[in-house]
Amino acid sequence: MKKVLKIIGIVGLILLGLFVIGFILLKILGNRPAVPTDYQQTVQTGGAIEKKYMENGPYEVSLYESAVLQEFGKFLIYYPTALETDSEKYPVIVLCNGSGTPLSKYPAVARHLASWGFLVIGTEENYSWNAFGAEMCLRYLERLDSMEEEHSMEEAQSVEKARSSEEEHSNKKADDKAYLFYKKVDFDNVGVVGHSQGGVGVMNAITDTAHKDFYKAAVSLSPTNKELAHNLFWDYDASLINIPILLISGEGGGDDWVVTGEQLRDIYDDIPSAKLMMRRRNAAHNEVLYSANGYVTAWFLWLLQGDEYAAGAFTGDQPEIQDNSLYQDQHQDLP
C-alpha cells in the first residue's frame with residue numbers, strides 16, 4: 001500500500017511539474033511580440049520603393065497612452081515627437097487588431113508608420129471585426145483635437161498642485177500631455193489598416209460606422225474570407241467600399257489559410273472603388289502583418305501625404321509592384 005501511495009505521489013509531482021512548465025510556456029508565448037522588433041532589417045524587399053519605405057522615416061517617435069473604461073483597456077497613440085513643439089497637423093492611421101493581437105504585441109509596425117509623419121492610433125482590443133475600436137479611436141482623436149487652450153492652463157495648474165503625491169502627479173502629467181494634440185489632427189487625411197480579423201474591421205470601419213466618411217484610404221491585410229466571416233458572425237459588405245483600398249494576403253505553403261488567392265480575388269471583385277490586390281510569396285498568414293509594410297507605408301504616403309515617389313509603387317506606366325518578384329496575383333483598378 002505504501003508503495004502504491006509513493007507511486008501516486010511521484011506521478012502527482014510529475015503532473016504538477018508539467019502543469020507549472022506548461023503555464024510558464026503559455027505566459028511566455030502570450031507575451032511574445034506578434035512582430036519581430038527587427039523585421040525592417042530581416043524582411044526581404046524586391047524594389048527600390050519598397051526598400052525605402054520599409055526603412056524608418058525621418059521622424060523620431062513618441063508614445064502617448066490613455067486608459068479608458070472600455071473592454072479594450074486603453075488608447076495608444078504613436079506620434080512624431082516633433083508634434084510636441086511645432087504647429088503642424090498630422091494625418092492619421094487607425095489600426096484594427098487581428099484576433100487576440102492587441103497593439104502592444106506589434107508596436108514595431110506602429111512606430112514605423114509614425115516615423116513617416118503619421119499619428120498612429122490603436123487599442124488593446126482583441127476582437128475588432130465590427131470596427132468598434134476604430135470608431136472609438138476617431139472619437140477620441142476628435143476630443144483631443146478640440147480641447148480648449150484654457151483647459152490646458154487649468155490642467156497645468158492642477159499638475160502643480162499635485163506635486164505632493166508622486167503617483168497623482170504622474171497621472172496628471174499624462175493627462176496634461178493629451179493637450180499636445182490640440183488642433184494637430186488632420187481629419188482630412190485619415191487611413192485605416194488591419195490584419196486578419198482586423199482586415200474585416202477595416203472594411204466595416206469604412207462602410208458601417210458613424211465616422212466612415214472620415215476615411216480616405218484603407219489597407220486590408222489577409223482579411224477573413226467571406227464564408228468564414230459569415231459563419232463567425234463577422235459579416236462585411238465590400239461592395240459598399242468607396243475609397244481606395246489595398247488588399248494583401250500571404251502565400252506561405254501555397255496559400256493563406258484565412259483567405260486563399262481565389263477568396264481574396266472574390267473580395268476584390270466586389271469592390272466598386274479604386275483598388276489593388278496582391279499576394280506576398282512565401283509569407284505565412286501571420287507574417288503578412290509586417291512583411292509587406294514597405295508598400296503599406298507607401299500606400300498611405302501617396303494617398304494621405306501626396307508622396308509622388310511612393311505613388312510609383314502602384315501607378316504610372318510601370319508600377320513597381322508589377323515587377324516585384326516577391327509578389328504574385330497583382331490586380332489593380334486605380335485612377
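**Figure 1. The largest nonpolar core of the predicted model.** This core holds 51 residues, and those touching the most other members are Ile93, Leu95, Val120, Trp299, Phe300 and Phe314. Helix α12 (residues 293-305) gives the core nine residues, the largest share. Apart from this core lies another, of 48 residues, which includes Ile77, Leu83, Met136 and Val192. The model is a predicted one.

**Figure 2. Surroundings of Ile93.** Leaving aside residues up to four places away in sequence, Ile93 touches Leu113, Phe118, Leu119, Val120, Ile121, Gly191, Val193, Phe300 and Leu304. Two of these partners, Val120 and Phe300, are listed with Ile93 among the core residues that touch the most other members.

Figure 3. Lys216 is found in strand β6 (residues 215-221). When residues up to four places away in sequence are left out, Lys216 touches Asp188, Asn189, Val190, Ile243, Pro244, Leu303 and Leu304. With Asn189, the side chain of Lys216 makes a polar contact of 2.7 Å. Pro244 is 28 residues from Lys216 in sequence, and their C-alpha atoms are 7.3 Å apart.

**Figure 4. Strands β7 and β8.** Strand β7 (residues 245-251) and β8 run parallel and are joined by seven bridges. Within this pairing, Ile245 stands opposite Lys275 of β8. Strand β8 (residues 275-281) is mostly covered, with six of its seven residues buried.

**Figure 5. Helix α5.** This helix spans residues 132-146, 15 residues in total. From the first C-alpha to the last, α5 reaches 21 Å, close to the 21 Å expected at 1.5 Å a residue. The buried residues of α5 are Gly133, Ala134, Glu135, Met136, Cys137, Leu138, Tyr140, Leu141, Leu144 and Asp145. Among them, Met136 also belongs to the core of 48 residues. An α-helix has 3.6 residues a turn, so residues three or four places apart point the same way.

**Figure 6. Ala131, a residue with positive phi.** Ala131 is placed in the loop between β4 (119-123) and α5. The phi of Ala131 is positive, about 65°, although this residue is not a glycine. Most residues other than glycine have a negative phi. Ala131 has a relative accessible area of 1% and is therefore buried, the cut-off being under 20%.

Figure 7. Ser222 lies in the loop between β6 and α9 (226-231). Its phi is about 45°, again positive in a residue that is not a glycine. Because its relative accessible area is 0%, Ser222 counts as buried.

**Figure 8. The whole chain, for orientation of the close-ups.** The protein has 14 helices and nine strands. Of its 335 residues, 50% are buried. Among contacts with a separation of 6 or more, 76% are between residues 24 or more positions apart.

Technical notes:
Residues are numbered from 1 along each chain as its sequence is written. This is a predicted model: local features need pLDDT of at least 70, side-chain atom pairs count only at pLDDT 80 or more; totals for chains, interfaces and linings use all residues. Side-chain values use heavy atoms; hydrogens and water are left out. Helices (H or I, at least four residues) and strands (E, at least two) are DSSP runs, numbered from the N terminus. The expected span of a helix is 1.5 Å times one less than its number of residues. Buried means under 20% relative accessible area, exposed over 50%, partly exposed in between (1.4 Å probe, protein chains only). Contact means heavy atoms within 4.5 Å. A nonpolar core is a set of buried Ala, Val, Leu, Ile, Met, Phe, Trp, Tyr and Cys residues joined through side-chain atoms within 4.5 Å. A polar contact is a pair of N or O atoms within 3.5 Å; within protein, one must be able to donate a hydrogen and the other to accept it, and residues adjacent in sequence count only if both atoms are side-chain atoms. Two strands pair if DSSP finds at least two bridges between them.
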